[in-house]
Protein chains: 2
Amino acid sequence: MNVEELIERYAALTLKVGVNLGPGQPLAINCYVEHAPLARALAAEAYRMGARFVDVLYSDQVVRRSHIEAAPEDALGWSPPWLIERLEALRQADGALVSLTGSPDPTLLDRVEGSRVARSRMKALTEATLELTSGGCRWCVLACPNPGWARTVFGEPDLERLWQAIATVVRLEEPDPLGAWRAHLGELERRAGLLNGYRFEALRFRGPGTDLEVGLLPESRWRSAVQGADSVPFVANMPTEEVFTAPDARRVSGTVAATYPLLLQGRLVDGLRVRFESGRAVELHADEGEALIRAHVASDEGSCRLGEVALVDSSSRVGRTGLVYYDTLLDENAAAHIAFGRAIAETVPEARSLSIEERRARGVNHSSLHTDFMIGSPEVSVAGLTAGGETVSVIEAGVFVLS
Amino acid sequence: MNVEELIERYAALTLKVGVNLGPGQPLAINCYVEHAPLARALAAEAYRMGARFVDVLYSDQVVRRSHIEAAPEDALGWSPPWLIERLEALRQADGALVSLTGSPDPTLLDRVEGSRVARSRMKALTEATLELTSGGCRWCVLACPNPGWARTVFGEPDLERLWQAIATVVRLEEPDPLGAWRAHLGELERRAGLLNGYRFEALRFRGPGTDLEVGLLPESRWRSAVQGADSVPFVANMPTEEVFTAPDARRVSGTVAATYPLLLQGRLVDGLRVRFESGRAVELHADEGEALIRAHVASDEGSCRLGEVALVDSSSRVGRTGLVYYDTLLDENAAAHIAFGRAIAETVPEARSLSIEERRARGVNHSSLHTDFMIGSPEVSVAGLTAGGETVSVIEAGVFVLS
């Protein structure tokens with residue numbers, strides 16, 4: 001299948017399985033200028049499916065770098081109010097949101113002061129986006145190959161090869177991609193069900209540089225990326241290989257070493273090690289991007305605590321490509337991961353009606369950010385600790401062994 | 001000078017002479033995805049000059065075509081309210097606006113029904129933009145060469161050649177571009193002064209297919225693109241070769257034949273002929289795009305009347321390149337032109353405080369659009385008619401002869 005056919009298929013799959021677009025719905029697309037070929041295919045397909053309006057918001061990393069380098073301090077992290085208004089209009093019109101990832105150049109910010117990068121985050125806009133996506137809006141994040149990203153992954157701008165990798169992990173080359181997705185999501189839902197059955201009190205991660213215990217809440221549920229099951233189901237990430245839940249943000253302790261680099265706000269964070277005490281990240285080091293990740297984690301009260309723990313095993317198609325993508329959507333679906341920041345609302349349904357303070361008091365984290373980082377590898381084992389004091393193997397040598 | 005140097009120079013000239021950007025000002029840029037190289041250079045230069053925030057809004061012709069082809073009728077001409085909010089925020093923050101022209105593909109809408117193209121115009125957004133640019137905001141329209149546009153002009157995507165043409169007409173290759181612009185604008189201001197001295201009652205255009213009389217208002221002033229002279233001067237178009245004023249929208253009569261094709265809402269209108277009676281376009285034909293221009297001119301009460309008459313002679317650098325650009329910014333600066341729609345506020349200062357109805361009653365046109373089309377050529381002569389019944393030559397055989 002050539003790249004054009006893959007783009008067509010990815011667009012159709014995203015709208016049908018990803019956001020499950022209904023006739024008359026408006027669709028918003030967030031992406032980079034370099035993502036235009038896929039954004040255009042998505043728009044064309046959405047209108048064919050009866051969309052009312054497709055609103056593509058193109059961001060530009062190069063323009064943004066100029067801002068981060070030179071904007072006055074008090075304008076650095078400013079969120080344009082009309083971009084928040086745009087999300088609010090989407091919510092009111094019951095629209096769907098598609099976001100494309102795949103950085104055209106992860107080295108762009110290499111020479112910019114890390115703490116300035118952290119302070120440049122559009123906090124109000126991130127928060128509005130988290131509110132929207134946890135408030136019933138159908139959304140999907142997908143990856144858009146582009147020459148710059150291919151250069152990052154392969155050392156050369158081999159766009160065709162990156163498209164083939166994405167085609168594999170998103171099951172575009174299957175004779176029946178929709179059927180393959182249904183089967184795949186069924187398997188992830190089965191895993192989530194298994195984990196929910198055990199009701200572990202905590203998970204323990206053990207591997208090189210990692211000895212971490214992550215407390216779980218009695219009321220939290222394991223979920224797959226299938227969401228909105230009570231209304232219209234959608235899949236929030238494509239690819240997706242994870243099952244995830246909200247940890248008890250008060251009961252995380254030990255050390256953890258990231259197993260993948262992390263591209264954070266356009267800049268690389270590599271060799272990250274974190275020590276947690278009573279839920280808080282109390283020590284934090286990185287070989288690259290340390291100033292950025294430190295400032296990021298200090299953003300607000302909840303940003304140094306965890307809002308997600310997710311399991312991925314070696315059956316992951318992403319992991320099996322054997323590539324490092326320098327892109328969280330891909331890399332988090334190759335390896336178990338945890339996330340600083342806001343707990344995903346769907347995993348603690350009871351918390352939705354609570355105030356932020358009440359959530360915090362119950363260990364459900366709140367923050368203006370949600371930042372995943374990868375901690376899994378074939379050398380990292382995961383065990384569940386039960387209320388009765390038992391230790392049950394969940395992932396061993398990279399394989400999901402819970403049954 | 002290579003293309004990268006030309007881009008740098010054009011960006012600096014635009015911000016210094018075009019919008020005369022002040023430190024701390026926000027800057028909004030409207031452009032197509034294909035304009036990214038110039039948009040990025042503008043952003044970088046703006047931040048170097050102390051801009052507070054640079055907001056680049058990328059439009060996408062291909063996405064827009066999908067909308068025009070398939071959006072439901074009641075959403076066809078819808079203006080996203082957050083885009084109007086964006087302009088309002090720019091006004092409140094005393095920001096500047098830069099718009100880039102240069103269609104990446106003027107054939108994109110060839111197979112779309114013309115009246116649908118006309119109905120797809122974002123009326124509320126055009127109107128908000130006209131309000132902003134006539135309300136004291138510093139703005140500048142400039143041209144951004146791109147491969148698709150070069151193909152339209154030369155039959156091949158010779159980007160380098162198009163950049164060289166633009167460099168010539170914008171005086172980028174002058175040793176001192178700012179000095180060259182000051183001298184050039186001085187000459188245009190001199191012409192405007194001459195015309196203002198004569199206080200013609202009307203202009204008469206005569207040439208092949210054209211015998212048109214355009215009444216002038218006693219209170220209207222001839223202007224060059226130098227604006228905001230009472231506060232901070234800026235130049236609204238780069239290139240600019242015209243002097244223009246508002247006609248008496250009640251006193252336009254005769255026939256006129258367009259001398260250039262017109263790219264209107266992304267679609268070609270060619271071979272346009274119009275007959276005016278008592279200010280109104282009462283007959284209208286075109287060899288190409290007739291349905292579009294007919295529907296466009298029927299948009300609202302003022303859209304079939306004129307809001308501008310502008311003179312350009314053969315000294316124009318744009319005209320001297322001998323090219324048809326299929327881009328109004330360029331082509332209107334190669335030839336005398338008139339515009340359907342709203343009168344330019346600066347040309348009738350007294351009308352600013354009047355209501356729309358009062359303006360109309362005095363012959364100052366109001367509309368939600370302002371659409372120029374070119375009517376000048378070396379074969380078209382222009383004469384001024386005085387109150388005393390004299391006829392004074394203004395342009396003969398392409399040369400501005402008024403003295």
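Strand 5 (residues 202–207) of chain A pairs with strand 6 of chain A in the antiparallel sense over 6 bridges; two strands pair if DSSP finds at least two bridges between them. Strands (E, at least two residues) and helices (H or I, at least four) are DSSP runs, numbered from the N terminus. This is a predicted model, in which local features need pLDDT of at least 70 and side-chain atom pairs count only at pLDDT 80 or more. Residues are numbered from 1 along each chain as its sequence is written, and chains are lettered from A in the order in which they are written.

Strands 5 and 6 of chain A form a hairpin with 2 residues between them, and Gly209(A) in the turn has a positive phi of about 80 degrees. Strand 6 (residues 210–216) of chain A has 5 of its 7 residues buried, that is, under 20% relative accessible area (1.4 Å probe, protein chains only). Strand 6 of chain A also pairs with strand 11 of chain A.

| Partner of Asp211(A) | Strand of the pairing |
|---|---|
| Thr255(A) | Bridge partner in strand 11 of chain A |

Elsewhere, helix 1 (residues 3–18) of chain A packs against helix 2 (residues 36–48) of chain A at an angle of about 55 degrees, with their axes 9 Å apart. That angle makes helix 1 of chain A oblique to helix 2 of chain A, as angles under 35 degrees count as roughly parallel, over 145 as roughly antiparallel, 65 to 115 as roughly perpendicular and the rest as oblique. Axes are lines fitted to C-alpha atoms, for helices over the stretch in contact, and angles run from 0 to 180 degrees between N-to-C directions.

Terms used
Side-chain values use heavy atoms; hydrogens and water are left out. Buried means under 20% relative accessible area, exposed over 50%, partly exposed in between (1.4 Å probe, protein chains only).
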